[in-house]
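Keep the structure open as you read.

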Amino acid sequence: MSNPFFNNLSANLNNLESHQKNRMVKIEFQNLDYLDGNFCDNEEVNYFLKEKTAQICQLQANSSLELGKIFCEAVDRLAGDNHYNGLYEKWLLQIGFNKMTALRHRKRYELYTQVKNEHSKKLVSILPVRILSDLVSSNEKEEILAQIEENPEFKVNDLKKLIATKDIVTVIDELDDDKFYFRGIESLKKLDVKKLDFSKAKQLKDELEKILDDVKKILGDI
């Protein structure tokens with residue numbers, strides 16, 4: 001006698017597999033313009049490694065999108081109900097996912113669904129984490145996405161340069177404004193660092209030291 005639960009589970013897994021195949025982002029090495037591509041002097045081995053790199057990036061891109069979709073659905077399901085306060089983070093912990101990692105997957109999926117054409121979707125799917133974070137946090141995100149969609153030749157390095165240019169313009173504009181400050185500094189000032197656990201405190205210290213080094217370089221050029 002068949003078990004309805006396992007029948008439904010099997011059907012759902014088959015539907016998920018079919019859905020994943022239909023949504024599969026196809027990645028070729030030429031899409032990865034942020035990589036040098038000269039792995040070694042042997043042309044045959046170099047070509048082999050380029051193929052493997054593209055395969056890995058394709059796997060990562062599609063996995064990130066599928067995870068992002070799942071995490072978005074979980075957040076939507078649990079949001080707005082006081083009964084489930086804290087359950088999302090507890091669930092992430094139990095299944096072995098860092099909260100920030102899950103957030104990055106969600107943001108990638110949200111951007112992927114926001115852009116409309118195939119080129120833009122592929123670009124979003126392969127963005128390195130740092131560029132993805134810069135895009136999500138940029139004040140000019142909507143304008144940048146519009147430019148991506150208008151230009152089918154747009155690549156990762158083009159996006160990296162555009163984000164940097166937009167942020168520089170924003171910072172320069174803010175220099176004449178009383179609101180000029182490092183983004184997030186107000187939140188940091190309210191943070192009681194003594195209550196952070198050791199690993200979080202060290203992570204914050206390392207990040208602030210990097211920022212301090214950058215500030216010293218900027219001041220040295222003024």
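Predicted model: local features only at pLDDT ≥ 70, side-chain atom pairs only at ≥ 80, totals over all residues.

Start at helix H7, which covers residues 141-150; its residues Ile144, Leu145 and Ile148 are buried. They share one side of H7, because the arc they cover around the axis is only 100 degrees.

Now turn to a helix pair. Two packed helices are described by the angle between their axes and the distance between the axes. How do the axes of H4 and H6 cross? They come within 11 Å and cross at roughly 65 degrees. Angles of 65 to 115 degrees count as roughly perpendicular, so H4 and H6 are roughly perpendicular to each other. The crossing of H4 past H6 is left-handed. On the H4 side, Arg104, Lys107, Arg108 and Leu111 make the contact. H6, residues 129-137, contributes Val129, Leu132, Ser133, Leu135 and Val136.

How far does the predictor trust each part? The mean pLDDT of the protein is 78, and 77% of its residues reach 70 or more. Among the elements, helix H4 (residues 99-114) has the highest mean pLDDT, 94. Helix H1 (residues 4-23) has the lowest, 49. Residues 16-22 have pLDDT below 50, and this stretch has four contacts in the model beyond near neighbours in sequence. Residues 168-181 also stay under 50. For them the model has eight contacts beyond four places in sequence.

Note on methods. Residues numbered from 1 in each chain as written. Heavy atoms only, no water. pLDDT = per-residue confidence, 0-100. Helix = DSSP H or I, 4+ residues; strand = E, 2+ residues; numbered from the N terminus. Contact = heavy atoms within 4.5 Å. Buried < 20%, exposed > 50% of the residue type's maximum accessible area, 1.4 Å probe, protein only. Arc of directions from axis to C-beta. Axes fitted to C-alpha atoms, helices over the stretch in contact; angles between N-to-C directions. Parallel < 35°, antiparallel > 145°, perpendicular 65-115°, else oblique. Left-handed = near helix turned anticlockwise from the far one by under 90°.
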